Structures are given as C-alpha cells and as structure tokens.
Amino acid sequence: MDLKYTPEEEAFRARVRAFFEAELPADIRDRMRLGRRIRKDDMVRWQHILFRHGWGAVMWPTRFGGTGWSVIQQHIFEEERADIGAPPQNAFSLKMLAPVLMTFANSAQQEYFLPRILAGEDWWCQGYSEPGSGSDLASLRTSAVRRGDHYLVNGQKTWNTFGQHADWIFCLVRTGTEGRPQQGISFVLIDMKSPGITLKPITMLDGEHEINEIWFDDVQVPVENLVGDENKGWTYAKFLLTHERTNNAGIGACKRALKRLKEIAAEQMAYGRPLIEDSRFRDRIAQVELELMALEITNLRVLTATANESRALGPEVSVLKIKGSEIQQTLAELQMQALGPDALPYLREALEIDWVADPEFAEHYRPYAPPLSGQYFNLRKTTIYAGSTEIQKNIIAQLILGL
Amino acid sequence: MDFNYSNEQLALQETLQRFIGRDYGFERRRELARSTLGFSAAAWAQYADLGLLSLPFPGEFGGLDGNAVDVMLVMELVGRGLLLEPFLSTVVMCGGLIRDAASDELKRAMLPRIGAGAIKVSLACYEGSARYELSRVACAAVRSGGGWRLSGQKTVVLDAPSADYFLVSARTGGAAADPSGISVFLVGREAPGVTTFAYPTQSGARAAELRLENVTVDADALVGAPEEGLAIVERAVDRGIAALCAEAVGIITALNEATLNHLKTRKQFGVPIGSFQALQHRMADMFIAAEQARSMAVMAAVYADSDDAAERRRAASGAKAYIGQAARLVGQQAVQMHGAMGVVDDLIVSHYFKRLTMIELSLGDVDFHLARFSDMLA
C-alpha cells in the first residue's frame, strides 16, 4: 500500500508537462484559464497537435493507435492537462463511442471510424435522450425501420451536446417493439449531413448555446452503420454509460478549480482582509477539498483494482459520478460566492477574450469574474446528465448492494 | 501507487479475523466490557503471541518492523470486533512515541516488554479546560535533586486503569498555552503521589483522571528533548488518529453489512424494507461514505510514518475530520434503519454506533480537525 508516484511516473509527469508547455497554443490557454468561450476550432486544433505527437487517444490500446498507457499515466496526463489549461478532448468520440466500436463494431467500421476520431477529422455527438425519455432511457421512441439496404429513421432527440459542430451522431433507436423496452433498441451511426435532420438550439440557463434538439424525418441510414446486432443496442448503451460516468469523476478539472478557488479567495477582499482569511469561508473550501482528496484516492482505487483484475469498470463508477459531480458543483458555487456582489453582472461580451472592462469597474471586477456565475448555473447539469444522482443511487442499491 | 495488502498482511488479517470469530463474539465482548478489568487479559497474551504488540517496532528492539499500514489493517479489525484491549494506547501511541522520540536505552527498556505483553502504557496529554489542545498544559514539572517533580492533573486518560506507566506531558517552561516549554515524562503507576479516578467510557473501554501530586522521577524519565515535547506528543497523537480512522472504517464497514442484511430480511407491508427507494438511497449514501472514508484512512496511514510534520498533520486532520462526518452519517442512519432494533443494547448495532461516536470525540473532533486542516490552507 503506497500513495506515492514512482520515479518513472514522476519523470512521465515531467515529460507530459514539458510537452504541454511547449505545444499548447497561447490563445487557447488564455481562454481556458480565464474561463472564456472555447470554440470548436480550439478543440480540433488541440486534437491535431496531440495526434501528431502520438497522444491523440491516451485511453486507447495501442492496436487502435492509442498510447496504451496505464490508468495511473492517464490520470497524470489528465491532471496536467487540466492544470495547465489545455482544453478537454471530445469525450463523445474518444471516451464514449470509441470503446463501443472497439468492443462491438465490425472491422470495417473500426477501420473507417477510429482513425478519423483519432486524427480529429470527425466531430461526434450523442443521440440518447428524448423528450419523453430522460432517466427512463429505455422508453425511447425514435424508430428505425429496415427498408432494403437502409433504415428509415424518424423521431426526436434532445439534450444533445454540441450537435451544432457535429459531423456524425451515434443514436439509440427503436428497431423492435417486442418484449421489454430494453430489447428492441439498436445502436446506429448517422451522418449529420443526411437529408431530413433538423437541429434547433436550446439556450441554457447561463444564456449559452451548448445543447440542441434534433429531429429525424425519414432519414436514410445505410444498414452498414448499425453497430453490433440489431436489438442489442441497450447492452452497448450501458457499456458506453459506464465509460461516460468514469469521465465524470473529473478529478483533474476539480483540482484545477480548487486551486483557482483559493487564488480567487486570496484576492477578493472581505472585512478589510483577503476572503481566505475569513475562517467561515475557508472552512467551506476545506470541506470540499476533503471530499476531493477522498475521491481522488477512491478513483485510483477503483481504476487500479479493475486494471489489476483485467475486468471492465462496473457499477462502482456510480460512486465516482455522484461525488465528482457534487464536488464540481460545490467548487463552482464557492467560486461564484467568492465574488460577492461582483457575481451579479451578466456581461455576455465579457466571455470573449478581447473584452475590455470599464477602467473604474475593472479596479475591483477581476478578469476571472465574468464566467463564474454562468459556470455555477451551467454546472447544475452535472448531477442530472449521464444518469442523474438518483439513478446512480438506484444503480448502487441494485447492482452493488443487491437491494 | 499501490492499494494492495502484501501476502504477509493478508495472512495477519486472516489470523485476526479467525481470532475474533472464535474468541471474541458479541456476547463475550459484552461480558468483558462489564468485567472489572474491562478487557481480556488472555486476549492480550494472545496478541503478544501473534506479534501484534511488537508489530510497529524496529527489529533491534524486538519488533517486527511493521509500518502504519500494518497498524491500519489491525485497527480495522479492532473496529469490526469492537476489541477492548489497549492496543491503541500501548502499542500505537505510547509505543510509537517511545520509538520516535526516546533514547535507545529507554527503547531497550520499554519496547521489548510492551511487545511481550508484560507492560501497558497510557498517554496522558489532555487537561480539563484544554479540550483537544495539546499545547494547553498546566501540569508542571520542576527540577528536583537530580530529577524532576511533577504536579497536575490529566483528564480522560484512555486505558489508564490498567496502565503500568504513563507518558505525561508537563510544562517545564513557558506560559499556559505556549507551544514550547512542554516536556514528556515516563511515570510509573506505583510512584508515590500518583492517584487515579477510573471510569468506563460510553463505548465500554476504560479511562481515568490522573492526578500527580509532587511525584518525583529520575532524570532519565524525561523522554526526548526537554521543552520540545509538544512535537513528540503531536506525532504520537497523529499516529493515534490514523489508527482511530482505520478503526472507524472497520466499524463503518461492519455496520453497513449489518444494515444491508437488515434491509434484505426485515419485512413490513409484506415486502423486504430494502425494496423501498427511500431506504435504498440512504443505503447508497452510506456505501459511498464508507468508500470515501476508506480512502481517507489509507491516506492517513500512509502519511502517519512521514517525518514531515506538516504533511502528517494535514493528512491526519483531514482524515479525522472527514471520517468523523462519515461515521456520524453511517452510525445514525444504521440505527435509524434498524428501527427499534437499533436502539436496544442487545444488538451489536448500538454498540458499533456508540464506539463510532466516541471515536469522533477522541483525539480531536470534526470541528477541531476541520479547523486545523483549514488553517493550513491559507
């Protein structure tokens, strides 16, 4: 039992850090650090840089062009990424779709799609939720009816993230109505340029366009875009969700946010002294730091145990998802609260990097202030998406505790 | 980064589990808690035979060269079995203090005897109005002849009624709450002027008020450097905290098992009560708390052996503050979900709950440690 990194792992960390220092474009870094809007182009450019260095997919095995790194190495990479302020990669393609393709797709699909994901050529989004199917995902109704060499897809998806940027969408569709709702679901890949697809933005509570509704009206999808077997999609969907939830622990991003919170609390003034010297506020930072310390170790315990036993991640990721999402929310809440009255202004234009504040206003309204309230509002989503906290507790109760 | 126990550690764990199953059932434990001694002298001898009492000591002093992770493993089972013997006081805290701070001569005199089960030692480091502050020491030691003369009072000295020796923090300089000016002395129970007022604790252990009235000790009773005793005591208490955290995790795990079993077997309205979502989600919360608490106990154990006082203190306080809250959640909810069965003396549930509560209040409570951790942030 030991919590220290080996000298090899420390050397690895230094190597990752040096690469980030040298290769992360300064404009992207500035936007990330100040919480300004990140563009699709930022993420694509970064993916290209990582790809050229052979680090396009650090969580993939080498046979698909990944790095084949250990879970500890991946953890270090993610920590350093968040700390320096590099953008996240597209999780929908790299961390969610890719494991499904590697495990369940045929070789033609693997050979076509995986290299394009790795090289950052295709932007993927997810078509899971529907207006009537949120937590009860298996009740979904978007239908795919076989017509010769293609499926005809009709229905509506919602809460789709960044579909406005997407080249492709992976969808759960209903191909059968027999038996339990879970039994008639299939997993298909749909070209977003297909005729019959309409996308309508949904404005989030922070005023930003991040999610969409998508309508499918007689959209033709070639049968070769079916992943695995028809009507087995629920199995693949659950497999994917397990991967999605691990990512939701977000340890690296939380550590970065905690560091930021301390910086903000050291700079904001309260009662004539730095806010961090007010023990009432500082104790709240301490409390969330303890949660994060515990979660970091729990996360590593879960990841190393599954790696050692060569098994897939199981329902224990629900613990990581519940805690990780709560910690993200608490950190965002404290960052906002640290601003006090400066949390009130809503300045959409201030989310662009070239915004210049009124000089007198800028004397107290710091450059990090504009996005913080919006982030707090936005991150209320984390305990709702990818299976709400209540669904995660159902999973723990049923699959781990046997209730 | 390694979260596995070694084969030796797993063997030790199995041996202890077998011992608890065979010799330390719940009924036996209740008898022991009610007995005059308050624990089992026979069990203490068995611990010596198993090597538990010399586990964390260096080989040159008859020890097994174990570390704080070995102690964690033992303490987790101390929790599960609700063991009453003074392992924490004698081996972890006092043995640890002697190993970390005493002269080789004193180590030679004490550690092999502790390891053999021949003597027991208690740490007398808290005073009446000091709450959990180790620097608030009024008990005084003045030079007298070639040695020292001690006068003062120590409160809730754990396992004191059975102790043969006390390690006492006393002021040899400075004012009431000064961090400097504290020294540590080894005082024999039989020394003239030593009296105790003994009582059981809420969880069935034993403790006492310790009164020292003009107690004279030799010069070699001073442990470690004079005036620098606070760091010595703090280190011993940090070791104790890491051990208590592991004990709490053992209890939390056992309580969760008991509660889960109750949810699956207890029927109301014609169905197991575990089929109700209100209870399922609370049980899930308790499961999460247990996993997180275990992670913090691992952290506390790994850093308990560190020579960096700040690093050790941060880990110990962080873990104690976190696990105290997890223990409260699991303890209270385990009782709640057992219904009336949770509030009777006849079931082990209430005993686990009481022990968890006393752990939270020992060696610094949640507020104390959260403040200590928080003060290190800025």
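How are α10(A) and α13(A) oriented to each other, roughly parallel or roughly antiparallel? In this predicted model, the two helices pack at an angle of about 150 degrees. Angles over 145 degrees count as roughly antiparallel, and α10(A) and α13(A) are therefore roughly antiparallel to each other.

**Helix pair in chain A**
- Helix α10 of chain A spans residues 317–339 and helix α13 of chain A spans residues 389–400, and their axes lie 9 Å apart.
- The crossing of α10(A) and α13(A) is left-handed.
- On α10(A), the contact is made by A:S318, A:V319, A:K321, A:I322 and A:S325.
- On α13(A), the contributing residues are A:T389, A:Q392, A:I395 and A:I396.
- By class, the residues of this contact comprise 4 nonpolar, 4 polar and 1 charged.

**Domains of chain A**
- Chain A is divided into domain 1 (7–89), domain 2 (124–236) and domain 3 (248–400).
- The centres of domain 1 and domain 2 of chain A, taken over C-alpha atoms, are separated by 30 Å.

**Contact between chains A and B**
- Chain B places 30 residues in contact with 33 residues of chain A.
- On the side of chain B that touches chain A, two or more residues each come from α7 (229–265), α8 (277–304), α9 (309–337) and α11 (366–375) of chain B.
- The most is given by α8(B), with 13 residues.
- The side of chain B that touches chain A has 20 nonpolar, 8 polar and 2 charged residues.

Technical notes. Residues are numbered from 1 along each chain as its sequence is written. Chains are lettered from A and ligands numbered from 1 in the order in which they are written. This is a predicted model: local features need pLDDT of at least 70, side-chain atom pairs count only at pLDDT 80 or more; totals for chains, interfaces and linings use all residues. Domain bounds come from an automatic or database domain assignment. Axes are lines fitted to C-alpha atoms, for helices over the stretch in contact, and angles run from 0 to 180 degrees between N-to-C directions. Helices (H or I, at least four residues) and strands (E, at least two) are DSSP runs, numbered from the N terminus. Angles under 35 degrees count as roughly parallel, over 145 as roughly antiparallel, 65 to 115 as roughly perpendicular and the rest as oblique. A crossing is left-handed if the near helix is turned anticlockwise from the far one by less than a right angle, and right-handed if clockwise. Two residues are in contact if their C-beta atoms, placed from the backbone, lie within 7 Å. Ala, Val, Leu, Ile, Met, Phe, Trp, Tyr, Cys and Pro count as nonpolar, Asp, Glu, Lys and Arg as charged, and the others, Gly among them, as polar.
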